[in-house]
Amino acid sequence: MTRTSLEIRPLLARPLAPATLALAAGIAAPAWGFTLPLPWLLGGLMALLAAMLLIFAVRRPARLLPLLFFWLLGMALYQQARHPVFPPHHVSNLPQDEVLTLSGYLYHPSKTGGARVQLYLEAEAWRRGRDWQPVTGKVLVLTPPMEPPTAGAQLVLQGRLREPVVLKNPGTFDRARFLAADGIFREVRLRDADDLVFLAASRPPLRERLRGGVRRLLKELPPDLGAIYLAMLLGDQGEITPEIRQALARTGTSHLLVVNGLHLSMVAAVVYFLVFWALRRFPWLLLRLNAMKAATLAAAASVAAYAWLAGGSPSTQRAEIMVLAYLLVVFLGRPREIWSALALAALVILALSPLRLFSISFQLSFAAVAAIVYLVPRWVGRDAAERGQFTWYSRVWFRLKEWLGASAAASLATAPLVAAYFQVVSILGILVNVAAIPLVLLLALPLGEAAVFAQAFSLTWVAQTLLTVGKYPLWLGYTAVSSAARLPGAAIIAPAPTWVQICLFYLTVFLIFHPRRSYLTWTGAGIGALVLTATVALPLMRPSQALEVTCLDTRRGLAGIAVAPSGERLVFSAPEPSWRGKSGSGRGALPAYGHWRQFRHLDQVAALGLSQENAGELLTLARQFRVDGWWCGRRGAPGPAYWELWNFLGDRGQAPRSLERGKPPAALGEAGLNFLSLGQEKGIVLLLTYQGRQVLVIPPLRHWEDRDGAGLPRRAEVLIIPGILPDSARDALLDRFKPDQAVVYGNPRQAPAEAGRRPARAPLHFTRDGAVSVYLTPTGVKVRQGP
């Protein structure tokens, strides 16, 4: 049997790998809609366990029973992690939407950047009246921009507990599941920093004192280099500017900003070789202990210490487990069992926190490592190197090819995931990583990590010297990254692939580079590539006979997309009335939905109203999509995102034109367009017409009077109205236009369940229950809610 065929055996012949894959499949099954009642799961697990014990007792092969057991176990772990049973004194059992007073301490370093600061509170007590009562649980506190204190600080706040908001739109990031992976099921949003009081704290914890010393040393470096070093060494990205993030994203080097496996592997490698070298200086000591095992234990201890000092973020914990798993197989004398080490790390992580499977950092890390282990030996080859037949210059060339192959394998494996989550694919990522990683990770990072350990032992002058030397390779590496990011075509905006397309991509790559390539593997790879191409091309070729109007769940304001039968697209948006200085809503729902639909081009964007509330969402659209024309209606309260949008569009020569004073388009493909003014500064109404049927979109209003509709049509088959309207105004609109279907967007004053019990003048569809799509066809009107 050849060495190449042996390399794949750890993946298939070791029990940890298939067991881990079965566990991951079970965790993913409920997220894809396949669920079983928990009693059935527990009964199935007990039955399978009894069957496996019986088979083991009679010494028969268990075959697929262990895989089925781990699959059901994954489903049970997901349900328990997503919907746990809380004790009576947990914050999840406290009243919601009531002003409460909470007391506790910050258990994790805060996150800064953007419009809000994220504080991670471990609640200890609460009160609604005068008496304090004990409480437990974690709470995410979102505050206006401020200088956050260090972890361990005591605080008291006053606010309303709420469940994390998740918009029910296709393609929306599941924020509640992301927070649940950290054990957070409630959040508090503070409008005013005065609602938060930090108490006079005693001496900070040891970890924060050590981190504070490193921060003070990094303040002496140039701002950009200090910010990158702070993120690399301590996992604190609060000082990373948008320009740095954009440069790293365009070149595929964003992994430099997190304490990941490469960082901790560098710590382990340096400590391992230093300890091993030191032990070899004492021959009498080598007779009494195993130098390799001692060096491995020292490396494991240093990795654990550094991960603790770096803050213990989820990405750091994942990297720590991965590195410790590999050190374990090295300690056991089996350093080639990389697949087993990788499977062990994934098994431990998923057993401790099943929801980590849906984390982008988890997926990127394991996809990159698995690709490197699987592809690099096939691309580079190891036989000659292991037999020592290379000269010194041949070895240098071999290591260079190996480094280039590792960069290419990692970039190839992570490209579909990066496109799915960030909608950007770096073209120059392979070359930039080859140039930047040796400078940053092999020179600047070890010097910085040595400075952290020196500062931990109060050797400040040594730490300053190491950081001063380390800033030069860091500057060279960042200069290479930023220069490449400015090149045209360094990265492309890509539509988000579906999970079916991602799986087809990985299957095709696996079969193309299979260790035993044959006609079957080539045929399978060809079929996979054809199906993948078909899933991309067929939606673009499929003709439509309907005008589609989709209204998204935003909880505030109006956001939707109209698609003509011939494929032209119009985005419409309008904010709810707000006060000056209110922070915007960030990316919003429109960009995620557009990427989910795999749109890259938008014909028109019509802001029926524009303010700070929806400017951030439209700014993301401008950056990530190709838009032919911008139109703007009434303007509301401005803010930073508002002016940034105007500046961005002005620099590109696409300043929005007025819907009232300009000449907006009168058609969207075969559909008619009309923008009508309500008068009295109430905004612009959008009217779409197709096959003699009309859709009338009313902007967010708090009041409606009969004279407001003087210039509007007498009837509309579909009426899209704001939920902030009072019930009487909503009924007046339904009586006025007599629609066949009505869509209510935003956060309705009356709960949808209560509204459904009232006599309906027309079927009501609430976007709060999911995005609503209306289809105007030659034969009638159809409504679909959900994906």
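Analyst: Buried means under 20% relative accessible area, exposed means over 50%, and partly exposed lies in between (1.4 Å probe, protein chains only). This is a predicted model, in which local features need pLDDT of at least 70 and side-chain atom pairs count only at pLDDT 80 or more, while totals for chains, interfaces and linings use all residues. Residues are numbered from 1 along each chain as its sequence is written, and side-chain values use heavy atoms, with hydrogens and water left out.

User: What makes helix H8 mostly covered?

Analyst: Of the 12 residues in H8, 10 are buried. They are Leu-225, Gly-226, Ala-227, Ile-228, Tyr-229, Leu-230, Ala-231, Met-232, Leu-233 and Leu-234. Their cover includes helices H7 (206-218), H9 (242-250), H10 (261-279), H12 (291-309), H18 (429-456) and H19 (460-485). Helices (H or I, at least four residues) and strands (E, at least two) are DSSP runs, numbered from the N terminus.

User: How does the reach of H8 compare with the expected span?

Analyst: H8 covers residues 223-234 and reaches 16 Å from its first C-alpha to its last, close to the 16 Å expected. The expected span is 1.5 Å times one less than the number of residues. Just after H8, Gly-235 takes a positive phi of about 70 degrees.

User: Why is strand S23 described as largely enclosed?

Analyst: S23 (residues 772-777) has 6 of its 6 residues buried, so the rest of the structure largely encloses it. Val-772, Val-774 and Leu-776 are buried on one side, and Ser-773, Tyr-775 and Thr-777 on the other.

User: Which strands pair with S23?

Analyst: Two strands pair if DSSP finds at least two bridges between them. Strand S10 (residues 547-551) pairs with S23 in the antiparallel sense over 5 bridges, and Cys-551 stands opposite Val-772. Strand S24 (residues 780-785) is also antiparallel to S23, over 6 bridges; there Lys-782 is the bridge partner of Tyr-775. S23 and S24 form a hairpin with 2 residues between them.

User: Why is Cys-551 called buried?

Analyst: Cys-551 has a relative accessible area of 1%, so it falls under the cut-off. Cys-503, at 44%, is partly exposed.

User: How many disulfides are there?

Analyst: The count is 0, where a disulfide is a pair of cysteine sulfur atoms within 2.5 Å. For Cys-551, the nearest cysteine sulfur belongs to Cys-632, 19 Å away.

User: Why does Glu-122 have no salt bridge?

Analyst: A salt bridge needs a side-chain nitrogen of Lys or Arg within 4 Å of a carboxyl oxygen of Asp or Glu. The nearest side chain of opposite charge to buried Glu-122 is Lys-138, 5.1 Å away. Glu-122 is found in strand S2 (residues 117-127).

How values were computed: Contact means heavy atoms within 4.5 Å. Lys and Arg count as positive and Asp and Glu as negative; His and the chain ends are not counted.
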